[in-house]
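Notebook open, model loaded. I'm jotting down what I look up as I go.

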Amino acid sequence: MTIEEFKSHCLQIKPQPVLNCRLWDKGLSGKGYAGVWIDGKMHRGNRVILSLKLRRKIRKGFQALHTCDNRRCVEEKHIYEGTPKNNIDERTKRNRHRSAFGSENGKASHLKNILKPKTIKAIKALYAKDELTYQQIGKKYGLSRSTVCKIILDTHWSVRGTAS
Ligand SMILES: [Zn+2]
């Protein structure tokens, strides 16, 4: 397909509930990213989306990172230019927040800001019933398996307002 066709296809993908991710519904490249053939070459959808959003190429040493942790996601609002180090820093920050349960110290992760405490609770309750797998729960809420896993394991998903 052409860049234009790719772009319009992405906009036709219905956003998922909760996070509004647009999950690529065609082939995947290695490691589970959206894979798209443009002009005879396989590209990663998230990189193409980011270049279109920035109106330039991705800078050397930078990557198209997801705020939503959904590698398949091609929603431009969820994709930003960052270094692998940014990614690790974000993760470290999130993990550090684990001890500060419920507090709003420092920069909260994007996901934590957009996922309501109610949703986090509901996901945990659903898992507690022991009927669905992470993947099945993820499907219900439009989240990736790894995101659901993090919510359940509570790595950076403290519920806002429970402590001060
Ligand atoms: Zn997304």
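Is Val18 buried, partly exposed or exposed? I get 16 other C-beta atoms within 10 Å, so Val18 is partly exposed. My cut-offs: buried means 20 or more other C-beta atoms within 10 Å of the residue's own, exposed means 12 or fewer, partly exposed is in between, and the C-beta atoms are placed from the backbone.

Before going on, a note on the source: this is a predicted model, where local features need pLDDT of at least 70, side-chain atom pairs count only at pLDDT 80 or more, and totals for chains, interfaces and linings use all residues. Residues are numbered from 1 along each chain as its sequence is written.

**Positive phi**

I looked at Val18 for its backbone: phi is positive, about 70°, although Val18 is not a glycine. Val18 sits in the loop between helix H1 (3-12) and strand E1 (35-38). Helices (H or I, at least four residues) and strands (E, at least two) are DSSP runs, numbered from the N terminus.

Asp130 also goes in this entry, with a positive phi of about 65° although it is not a glycine. Asp130 counts as exposed because it has 7 C-beta neighbours inside 10 Å.

**H5 and H7**

Next I checked how H5 (residues 117-128) packs on H7 (residues 145-153): the angle is about 90° and the axes are 9 Å apart. That makes H5 roughly perpendicular to H7. Axes here are lines fitted to C-alpha atoms, for helices over the stretch in contact, with angles from 0 to 180 degrees between N-to-C directions; under 35 degrees is roughly parallel, over 145 roughly antiparallel, 65 to 115 roughly perpendicular and the rest oblique.

Which residues make the contact? From H5 I list Ile120, Ile123, Lys124 and Tyr127, and from H7 Val148, Ile151 and Ile152. Contact means C-beta atoms, placed from the backbone, within 7 Å. I sort these residues into six nonpolar, no polar and one charged. For that I count Ala, Val, Leu, Ile, Met, Phe, Trp, Tyr, Cys and Pro as nonpolar, Asp, Glu, Lys and Arg as charged, and the others, Gly among them, as polar.

**Gly45**

Last entry: Gly45, in helix H2 (residues 45-54). Gly45 is buried, with 27 other C-beta atoms within 10 Å. Leaving out residues up to four places away in sequence, Gly45 touches Trp24, Tyr33, Ala34, Gly35, Val36 and Val74. I also noted 8.4 Å between the C-alpha atoms of Gly45 and Cys73, which are 28 residues apart along the chain.

Methods. Two residues are in contact if their C-beta atoms, placed from the backbone, lie within 7 Å.
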